[in-house]
Amino acid sequence: MSAEAGHGASVRIEACGKTFVDGTRALEPATLDIARGETLVLLGPSGCGKTTMLRIIAGLEAPDPGGRVLFDSKDMTAVPIERRNVGMVFQSYALFPNMTVADNIGYGLKIRGMPDKERAARVAELVALTNISGLENRRIDQLSGGQRQRVALARAVAIRPGILLLDEPLTALDAALRDRLRGELNRLLRALGITTIYVTHDQSEAMELGDRVVVMQKGTIAQIGTPREIYFTPRSRFVAEFIGAANIVEAAIEDGHLVLPGGRQPVHCDGDMSAAVAMIRPETIRVAAAKDASLSGTIDSVSFIGDRQRLVVSGASNRLLTVDAPNTVQARPGERIGLSISPDAVRLLPPEY
Ligand code: ATP
């Protein structure tokens with residue numbers, strides 16, 4: 001464990017809603033507890049209120065009357081941002097372009113009056129931690145996007161904040177770099193042990209980085225849970241579809257079976273249910289020999305998606321299921337195919353109102 005560990009504060013936002021002066025209701029009153037050292041990801045589509053929630057925690061925005069923000073049980077609602085001890089990183093870095101890497105990282109320490117020698121040592125520590133050794137004397141405008149992002153992170157954590165707030169920090173980078181930095185960020189956040197709140201609209205980023213994920217929808221919290229809970233037991237169709245590929249099927253239930261166009265699929269359900277909306281992840285569906293299959297259909301299309309292939313299979317008259325199968329499975333459009341799904345892989349969703 002690094003010498004950095006153990007600086008986290010716990011965060012509670014209590015009944016925090018936000019209506020902007022123009023009447024836009026960005027956030028319905030929400031209450032959330034974030035444990036010391038936890039990485040919590042706010043995930044959702046554009047405009048769902050993620051940034052507004054982050055800005056309320058930072059102190060850049062006040063919640064509507066009645067809302068409170070607490071750090072380590074202390075009411076911070078009226079405390080200005082510079083006294084909240086938060087580090088922030090945004091999509092657009094907000095670094096000083098004409099200053100060197102080292103001066104950018106040390107900026108917050110300098111304005112807090114840290115002596116030169118101590119500051120230089122702290123900057124050296126962060127340069128090593130964020131893998132930017134050798135770049136200390138470069139100006140920001142001489143760096144790549146990935147390097148700038150590392151500097152922004154180093155600057156944010158230099159002041160040893162109790163809480164780190166990250167708003168889409170990887171969005172501006174290309175896909176390959178984003179993947180790599182995501183792994184590095186994961187390692188860094190674990191090493192730092194700082195309480196982190198991370199905003200993204202990218203579900204794979206959310207699952208990789210979050211101890212817990214908050215899925216937001218139109219200013220409300222649709223679901224909070226670990227990445228596995230959100231992925232395998234979504235509470236609504238919106239969550240199911242936002243967090244990955246999902247088959248959503250509406251079907252009658254008879255004797256513990258979903259009645260689908262291609263057959264009868266066993267499910268876990270209450271005895272008195274007569275119909276349901278079910279969610280089945282494509283990779284949980286197995287291609288099976290006819291004798292082992294609960295469903296059968298015709299392959300409509302086969303697409304190669306890298307580590308596996310995606311089959312669209314239709315039942316008697318309509319589209320049945322999307323199936324992600326290993327590349328070793330022989331499958332051609334027009335062929336008949338048998339499918340087997342464990343009842344555990346079928347998630348029944350509550351009806352939508
Ligand atoms: P994105 O991923 O696009 O950044 P977001 O989930 O972070 O979206 P917010 O930035 O929190 O969403 O915005 C939530 C809603 O509040 C949006 O409808 C937005 O247009 C609105 N909004 C944000 N800031 C203001 C403001 N200062 N005045 C009025 N409306 C605002």
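Here is a tour, one selection at a time.

This is a predicted model: local features need pLDDT of at least 70, side-chain atom pairs count only at pLDDT 80 or more, and totals for chains, interfaces and linings use all residues. Residues are numbered from 1 along each chain as its sequence is written.

**The whole chain.** Start with everything shown. The protein chain carries eight helices and 20 strands (DSSP runs, H or I of at least four residues for helices and E of at least two for strands, numbered from the N terminus). Its C-alpha trace spans about 75 × 50 × 40 Å along the principal axes. Of its 353 residues, 36% count as buried, that is, with 20 or more other C-beta atoms within 10 Å of their own; 12 or fewer makes a residue exposed, anything in between partly exposed, and C-beta atoms are placed from the backbone.

**The ligand.** Select the ligand next and look around it. What surrounds the ligand? There are 13 residues, and the closest are Phe 20, Ala 26, Ser 46, Thr 51 and Thr 52 (a residue is near if its C-beta atom, placed from the backbone, lies within 6 Å). By class, the shell has three nonpolar, eight polar and two charged residues; Ala, Val, Leu, Ile, Met, Phe, Trp, Tyr, Cys and Pro count as nonpolar, Asp, Glu, Lys and Arg as charged, and the others, Gly among them, as polar.

**Helix α1.** Now pick residues 50-58. This helix gives the most to the ligand shell, with three residues. Seven of the nine residues in α1 are buried, including Lys 50 and Arg 55 as well as Met 53 and Leu 54. Step just past α1 to Gly 59, which has a positive phi of about 95 degrees.

**Helices α2 and α3.** Select 101-111 and 116-129. They pack at an angle of about 130 degrees, with axes 9 Å apart; the axes are lines fitted to C-alpha atoms over the stretch in contact, and angles run from 0 to 180 degrees between N-to-C directions. α2 and α3 are therefore oblique to each other (under 35 degrees is roughly parallel, over 145 roughly antiparallel, 65 to 115 roughly perpendicular, and the rest oblique). Show side chains: Ala 102, Ile 105, Gly 106, Leu 109 and Lys 110 in α2 meet Arg 119, Arg 122, Val 123 and Leu 126 in α3 (contact puts C-beta atoms, placed from the backbone, within 7 Å). Those residues divide into five nonpolar, one polar and three charged.

**Last stop.** Find Glu 184 in helix α5, residues 175-192. Glu 184 counts as partly exposed because it has 15 C-beta neighbours inside 10 Å. From Glu 184 to Leu 109 is 24 Å, C-alpha to C-alpha.

Technical notes:
Contact = placed C-beta atoms within 7 Å.
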